[in-house]
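Here is a note for a colleague who is opening this entry for the first time. Please keep the sequence and the model in view while reading.

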Amino acid sequence: MHFDATFWATVGLVLFLALMVYLKVPGLVTKSLDERADRIRDELEEARRLREEAQQLLAEYQRKRTEAQKEAGDIVAAAGREAEALRQDAKTKADEYVARRTTMAEQKIAQAEREAVNAVRSSAVDIAVEAARRVLAQQGDAAPNAFQASLAEVKTKLN
């Protein structure tokens, strides 16, 4: 029998397929594909878990940023209130200082006026005494006691 090449190709193919089945190659291929599918499924699950974790972190950071902005606003407002209180305190102290200095100046002026009035009175008494002495001296030495009495009376009236 003479067989042609097609026959031998068919026999070779059948033997190859039988060998493949005997060595369980389709099971190995299926097992390999299943393992690869499981590995891809695990990677997808890990990616999904990481994505959810990233979203949670993002939400937490956004919440913290909002809290930090609120806290910064509160700090700025508190600093503004404190600055206003310090400004008011400084203004009050400055006003009190000016009032004290004004009062002291007015008291010094009043004291100077009293001293000036007293100095004028004292000068007027001295001038009046001197004038009375001259008048009495011109009238004579007849009444030295009268002069002393007049002098004492003038000093009493002028002071």
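The points below go from the whole chain to single side chains.

1. Basis. This is a predicted model, in which local features need pLDDT of at least 70, side-chain atom pairs count only at pLDDT 80 or more, and totals for chains, interfaces and linings use all residues. Residues are numbered from 1 along each chain as its sequence is written, and side-chain values use heavy atoms, with hydrogens and water left out.

2. Elements. The chain has 3 helices and 0 strands. Read from the N terminus, the order is α-α-α. Both kinds of element are DSSP runs, numbered from the N terminus: helices are H or I with at least four residues, strands are E with at least two. Helix α1 covers residues 5–22. Helix α2 covers residues 25–139.

3. Overall form. The radius of gyration is 62 Å, whereas a compact globule of 159 residues would have one near 15 Å. The radius is taken over C-alpha atoms, and the globule rule is 2.2 Å times the number of residues to the power 0.38. Along the principal axes, the C-alpha atoms fill a box of roughly 200 × 25 × 15 Å.

4. Surface. How much of the chain is buried? Buried residues make up 3% of the 159 residues. Buried means under 20% relative accessible area, exposed over 50%, and partly exposed in between (1.4 Å probe, protein chains only). The chain exposes about 13900 Å², and carbon and sulfur atoms supply 61% of that area. Accessible areas come from the Shrake-Rupley method with a 1.4 Å probe; for residues, only the protein chains shown count as cover.

5. A nonpolar patch. Phe-3, Phe-7 and Trp-8 form a nonpolar patch on the surface, with about 300 Å² of accessible area together. Trp-8 belongs to helix α1. Patches take residues with over 30% relative accessible area and no salt bridge; nonpolar side chains (Val, Leu, Ile, Met, Phe, Trp, Tyr) are joined within 5 Å, like charges within 9 Å.

6. Charges. The chain carries 25 positive and 26 negative charges, and their mean positions are 5 Å apart. Lys and Arg count as positive, Asp and Glu as negative; His and the chain ends are not counted. Each charge is placed at NZ of Lys, CZ of Arg, CG of Asp or CD of Glu.

7. Salt bridges. Side chains of opposite charge can pair when their charged atoms come close. A salt bridge here is a side-chain nitrogen of Lys or Arg within 4 Å of a carboxyl oxygen of Asp or Glu. The count comes to 11.

8. Arg-49 and its partners. Which residues does Arg-49 bridge to? One is Glu-46, with the closest N and O atoms 2.4 Å apart. Another is Glu-53, at 3.3 Å. Arg-49 and Glu-46 lie 3 residues apart in helix α2, about one turn. Arg-49 and Glu-53 are 4 residues apart in helix α2, again about one helical turn. Relative accessibility is 36% for Arg-49, which is partly exposed. Glu-46 is partly exposed at 35%, and Glu-53 is partly exposed at 37%.

9. Further along helix α2. Glu-67 and Arg-63 meet in a salt bridge of 2.9 Å, N to O. The two are 4 residues apart in helix α2, about one turn. Glu-67 is partly exposed at 44%, and Arg-63 is partly exposed at 43%. Elsewhere, salt bridges that share partners join Glu-45, Arg-48 and Glu-52 into one network.
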